[in-house]
Amino acid sequence: MTTNEERTHIIAAIVEHKPGVLYRVSNMFRRRNFNIESISVGPIEPRDLARMTITVRGDEKVVEQMIKHLAKLIDVVKVSRLHPENTVSRELALIKVYSPDTKARSDIINYVNIFRASIVDVSTDSMIIEITGDSDKLDAFIELMKPFGIKEIARTGITALSRGAKSIKIL
Amino acid sequence: MVEMSGAEALVEALKRERVKVIFGIIGGAIMPVYDVLRDSGIRHVLVRHEQCAAHAADGYARALGRPGVCMATSGPGATNLVTGIATAYMDSSPVIAITGQVNRRSSNTAYMIGRDAFQEADIIGITTPITKYNYQLTSVSEVPRVVKEAFYIATTGRPGPVLLDFPKDIQTERAEVEFPGKVEIRGYKPVTNPHPLQVKKAVDALLEAERPVILAGGGVILSNATPELLKVAEFLMAPVVTTFMGKGAIPENHPLSLGCIGMHGSRAANSVILDADVLLAVGTRFGDRSTGTLDTFCRDAKIIHIDIDSAEIGKNVDVDIPIVADAKKALRALYEVLASRAEKKGETAWFRRVKELKEQYEELLEPQDEELKPPRLLRELRKIIPEDSIVTTEVGQNQMWASLYFKTYKPRTFISSGGLGTMGFGFPAAIGAKTARPDRFVVDIAGDGSFRMTEQELATSVVEDIPVTVVILNNSTLGMVAQWQRLFFDERYVAVDLKGIPDFVKLAEAYGAQGVRVGSLKEFVKAVKEAMRLDVTTVIDVPIPPEENVLPMVPPGKSLKEMIE
């Protein structure tokens with residue numbers, strides 16, 4: 001096993017759901033020079049906890065250090081590493097794309113169907129597409145939309161759960 | 001349940017944590033707390049700059065092994081604490097910092113947090129990276145729990161500073177409060193017991209070792225593990241080297257003690273650690289000033305690393321056998337397994353070699369000249385002050401001379417800013433240490449540059465009757481920087497000449513302290529004895545040659561092998 005190979009890792013952290021926690025986490029990343037690709041946060045059950053899904057690029061050593069430094073934060077209750085082959089990861093994107101004529105509109109609708117995306121807003125010269133999937137799927141779809149002219153994109157960053165019965169025990 | 005104001009709840013909670021003294025400066029946003037403090041029985045030491053409140057609390061904590069408390073008002077009071085808090089954080093010292101904060105809510109909306117009120121600073125944001133944790137209080141009822149948690153977090157696991165930011169309206173607001181008996185923080189469960197399997201692996205490695213070396217760091221002192229360390233070392237007949245922060249973890253007159261490793265380590269320590277085949281490192285973070293370049297540091301040795309902070313394992317040095325645990329508990333477990341499996345070692349070939357090296361290098365270290373130079377002076381100082389005297393240092397040449405030439409015999413008697421390297425730390429830390437240990441002789445080994453940074457605390461020392469002695473190794477230069485300019489910048493001196501200002505004797509006298517300038521070793525000895533006898537704040541100004549270097553030295557970015565003699 002090569003340990004110094006750089007790749008993307010997914011880390012899930014269960015944290016206290018209260019003001020300032022995201023600051024503590026992001027401050028630690030900046031201070032320790034960890035390179036975060038995305039971070040997504042949302043409340044879980046019980047409601048005073050939140051789950052952060054963090055993707056980071058780096059080698060084995062970097063990821064291990066990052067997990068330890070996360071676990072060291074008082075407001076981080078639990079940290080777990082999600083292995084890509086054993087993880088369902090999803091990202092959501094909203095894409096506002098030009099659709100000035102019927103030709104463009106019907107082409108876009110075709111792509112949307114192929115990708116199982118959906119159109120959530122239509123106006124005279126643009127539409128908003130909602131697409132969910134892994135990041136590669138989103139990247140591919142965005143590539144296809146480029147020729148039409150993309151006005152705006154909003155991506156959530158990855159959120160993920162490990163497959164099967166295994167779960168992160170909180171206490 | 002009892003009804004109290006926020007300020008009353010805070011002071012009551014501090015009493016329950018057995019707080020005896022607070023170092024601080026009053027100001028607008030903390031006045032309600034001081035009003036309660038006034039008749040509380042807790043001693044307040046009024047320092048003359050908030051930075052020194054934090055340093056004094058730190059010195060208090062390090063000398064006593066109990067948390068030190070400092071207090072300041074909002075805004076500039078709070079930001080002035082920052083250097084002191086960062087110093088405590090780098091050296092894992094349990095300091096509790098309490099700051100006033102502007103009102104959270106008010107009928108007059110101009111006085112709310114987040115609206116740039118007068119003397120408002122985001123001290124939570126500012127201190128997040130330099131505290132173990134910090135709290136902004138949001139209600140009176142949570143005050144008892146938060147104080148209890150703060151002390152728990154500061155003193156358990158790897159100790160460190162915790163800050164409490166206390167909005168003024170909550171200080172005066174009244175509510176029913178309850179004082180909890182214990183603490184429960186679901187995200188903070190420090191591991192203190194060593195894993196038995198890891199202990200067994202470590203014992204296997206140590207028993208197989210031909211050239212074992214023990215590296216003791218500040219963690220040994222923090223966990224009061226000196227007796228356990230000595231048991232393991234004597235059982236294995238393994239030489240003990242320390243980091244700078246570990247100075248005092250083993251009595252430096254012990255036959256197995258070789259002194260500090262590192263940039264200004266002893267020749268014996270730096271040479272022996274690189275020869276180790278098994279290195280037992282306890283409570284150290286392998287800081288760069290200790291290890292020299294990592295690619296030449298103990299590359300072939302099997303490394304056992306005991307640390308209570310798992311994030312330190314593998315951070316700088318790759319470790320073969322990690323043990324995440326309290327140093328005292330881990331060393332005790334190691335000794336028990338060692339003693340159950342083998343006989344205490346006798347004089348091994350390795351021990352004889354170490355002894356030989358030690359004698360050879362000790363001779364080199366022994367200053368011969370009668371001139372008034374730091375090495376000789378520090379040896380003399382050691383001879384005349386009691387073994388349990390507490391020495392603090394400033395930062396720079398004075399600190400490294402003290403590390404090399406002033407032998408420390410007991411843990412918690414050598415107090416210095418190792419991690420952050422804060423000039424001006426030594427004097428207020430000495431005041432803190434003396435407050436904690438009024439029965440001890442406390443001396444700050446200072447340089448003139450460092451002492452200038454916090455000299456106003458002479459007022460605190462005199463007025464509060466906390467007598468400490470300051471020995472200024474006065475070369476009228478920012479000496480360590482000048483040394484680097486001499487050695488690594490072709491003697492291109494810049495911004496290091498302090499021009500002999502001020503006259504420290506007159507300065508001391510201006511503050512009502514005793515000031516004395518000495519011109520010979522004999523006068524120096526007399527001055528120290530006088531300071532001990534009179535037990536008053538004393539500044540001893542010792543003019544030394546400005547071009548004196550601290551040697552030996554490992555140049556920055558070099559291996560411990562490459563010492564300049």
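This is a predicted model: local features need pLDDT of at least 70, side-chain atom pairs count only at pLDDT 80 or more; totals for chains, interfaces and linings use all residues.

Chain B splits into three parts: domain 1 (2-177), domain 2 (196-361) and domain 3 (367-543). Chain B also touches chain A, with 14 residues of chain B in contact with 16 residues of chain A.

**The sheet**

- Six strands of chain B line up as an open sheet, in the order β3-β2-β4-β5-β7-β6, and their pairing is parallel.
- At the edges you'll find β3 (43-46) and β6 (133-136) of chain B, each of which pairs on one side only.
- Going from one strand to the next, the twist averages 20°.
- Helix α3 (residues 50-64) of chain B lies across β2 (21-24), β3, β4 (68-72) and β5 of chain B, and runs at about 170° to β4(B).

**Where domains 2 and 3 meet**

- The C-alpha centres of domain 2 and domain 3 of chain B are 31 Å apart.
- Across this boundary, 14 residues of domain 2 of chain B are in contact with 13 residues of domain 3 of chain B.
- On the domain 2 side of chain B, the residues touching domain 3 come out as six nonpolar, six polar and two charged.

**A helix pair**

- Helix α10 (residues 226-236) and helix α13 (residues 327-341) of chain B pack at an angle of about 30°, and their axes are 8 Å apart.
- Angles under 35 degrees count as roughly parallel, so α10(B) is roughly parallel to α13(B).
- The crossing of α10(B) past α13(B) is left-handed.
- From α10(B), the contact is made by B:Glu228, B:Leu229, B:Lys231, B:Val232 and B:Phe235.
- From α13(B), the residues taking part include B:Leu331, B:Leu334, B:Tyr335 and B:Leu338.
- Sorted by class, the residues in this contact of α10(B) with α13(B) are eight nonpolar, no polar and four charged.

**The side facing chain A**

Conventions. Residues are numbered from 1 along each chain as its sequence is written. Chains are lettered from A and ligands numbered from 1 in the order in which they are written. Two strands pair if DSSP finds at least two bridges between them. Helices (H or I, at least four residues) and strands (E, at least two) are DSSP runs, numbered from the N terminus. Axes are lines fitted to C-alpha atoms, for helices over the stretch in contact, and angles run from 0 to 180 degrees between N-to-C directions. Two residues are in contact if their C-beta atoms, placed from the backbone, lie within 7 Å. Domain bounds come from an automatic or database domain assignment. Ala, Val, Leu, Ile, Met, Phe, Trp, Tyr, Cys and Pro count as nonpolar, Asp, Glu, Lys and Arg as charged, and the others, Gly among them, as polar. Angles under 35 degrees count as roughly parallel, over 145 as roughly antiparallel, 65 to 115 as roughly perpendicular and the rest as oblique. A crossing is left-handed if the near helix is turned anticlockwise from the far one by less than a right angle, and right-handed if clockwise.
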